[in-house]
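Please take a moment with the chain shown here before reading on. The paragraphs that follow lead through a few of its residues, one group after another.

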Amino acid sequence: MQSAIFLAVQHHCGAMERRPSSCPNEETKGKMKRTMIKDWKTRLSYFLQNSSTSAKTKSNKKGKQQAYIRPSPEEAQLWSEGFDELLANKCGVAAFRAFLKSEFCEENIDFWLACEDFKKIKSPQKLTSKAKKIYNDFIEKEAPKEINIDFHTKNTIAQNIKEPTHTCFNAAQKRVYSLMENNAYPRFLESEFYQELCKKSQITGEARGT
């Protein structure tokens, strides 16, 4: 948790290195740290409230009941065995997305998930419309959730979506997967957010006491 905080502070200072006097002083760093810790706890609380060891149900738009199950500490610990283990678990994906959202880079997991859904589409008409939506949301310049990929890959995708296939986003998806696996995923495992999910005594004990 502290390493993530200090990385954020160092990143801020690095961006301002041409103006050393603008780099946060100790008091400002302290405020930033307290704000980030508060944000972690808020997101963890929200995540746990929207999951539960007992099967809480929630109606979707069609009126069907969907169960939301809070991950056990043992389940959460399995996510550290590999990035694929995390992505294969719905609660793992939800927790990882909450973490990325706190770092303002949730567009990476959103894009990866959109590509996974895209590969399952069977209708040619839906494939075309979905390809355009993914391009507009994540690929084109100034897209609302623009991902960090090179110019050549963007151009290739722009050409491919004119006659889309299930593989037209593969290069970008692999790039985003690699970024998450090598950067965000290790930070997630070291974060207070993840560590709290792995704890047995504090979370389960508090739940019993309520």
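Is E142 buried or exposed? E142 is exposed, with a relative accessible area of 65%, where buried means under 20% relative accessible area, exposed over 50%, and partly exposed in between (1.4 Å probe, protein chains only). The model is a predicted one, in which local features need pLDDT of at least 70 and side-chain atom pairs count only at pLDDT 80 or more, while totals for chains, interfaces and linings use all residues. Residues are numbered from 1 along each chain as its sequence is written, and side-chain values use heavy atoms, with hydrogens and water left out.

E142 lies in the loop between helix 7 (124–139) and helix 8 (151–160); helices here are DSSP runs of H or I with at least four residues, strands are runs of E with at least two, and both are numbered from the N terminus. The backbone of E142 has a positive phi of about 65 degrees, although this residue is not a glycine. Most residues other than glycine have a negative phi. Side chains of opposite charge can pair when their charged atoms come close. With a salt bridge taken as a side-chain nitrogen of Lys or Arg within 4 Å of a carboxyl oxygen of Asp or Glu, the count comes to eight salt bridges. In one of them D110 pairs with R97, the closest N and O atoms being 2.7 Å apart. This pair links distant parts of the chain, since D110 belongs to helix 6 and R97 to helix 5, 13 residues apart. D110 is buried, with a relative accessible area of 11%, whereas R97 is partly exposed at 27%. Together with K145, these two residues, R97 and D110, are linked in a network of salt bridges.

Another salt bridge joins D137 to K133, with 3.0 Å between the closest N and O atoms. Because D137 and K133 are four residues apart in helix 7, about one helical turn separates them. Both ends of this pair are partly exposed, D137 with a relative accessible area of 22% and K133 with 45%. The side chains of K199 and E196 also meet in a salt bridge (3.2 Å, N to O); here K199 is partly exposed at 30% relative accessibility, while E196 is buried at 14%.

What forms the negative surface patch? The patch consists of E81, D84, E85 and E181. Patches are made of residues with over 30% relative accessible area and no salt bridge, like charges being joined within 9 Å and nonpolar side chains (Val, Leu, Ile, Met, Phe, Trp, Tyr) within 5 Å. Of these residues, E85 is found in helix 4 (residues 83–87) and is partly exposed, with a relative accessible area of 41%.

Finally, the cysteines. A disulfide is a covalent bond between the sulfur atoms of two cysteines. Counting as a disulfide a pair of cysteine sulfur atoms within 2.5 Å, the structure holds zero disulfides. C168 is accordingly in no disulfide, and the nearest cysteine sulfur, that of C115, is 8.2 Å away. C168 is buried at 6% relative accessibility, and C105 is buried as well, with a relative accessible area of 14%.

Definitions and conventions:
Areas by Shrake-Rupley, 256 points an atom, 1.4 Å probe, with all protein chains shown as cover. Lys, Arg positive; Asp, Glu negative; His and termini not counted. Charge placed at Lys NZ, Arg CZ, Asp CG, Glu CD.
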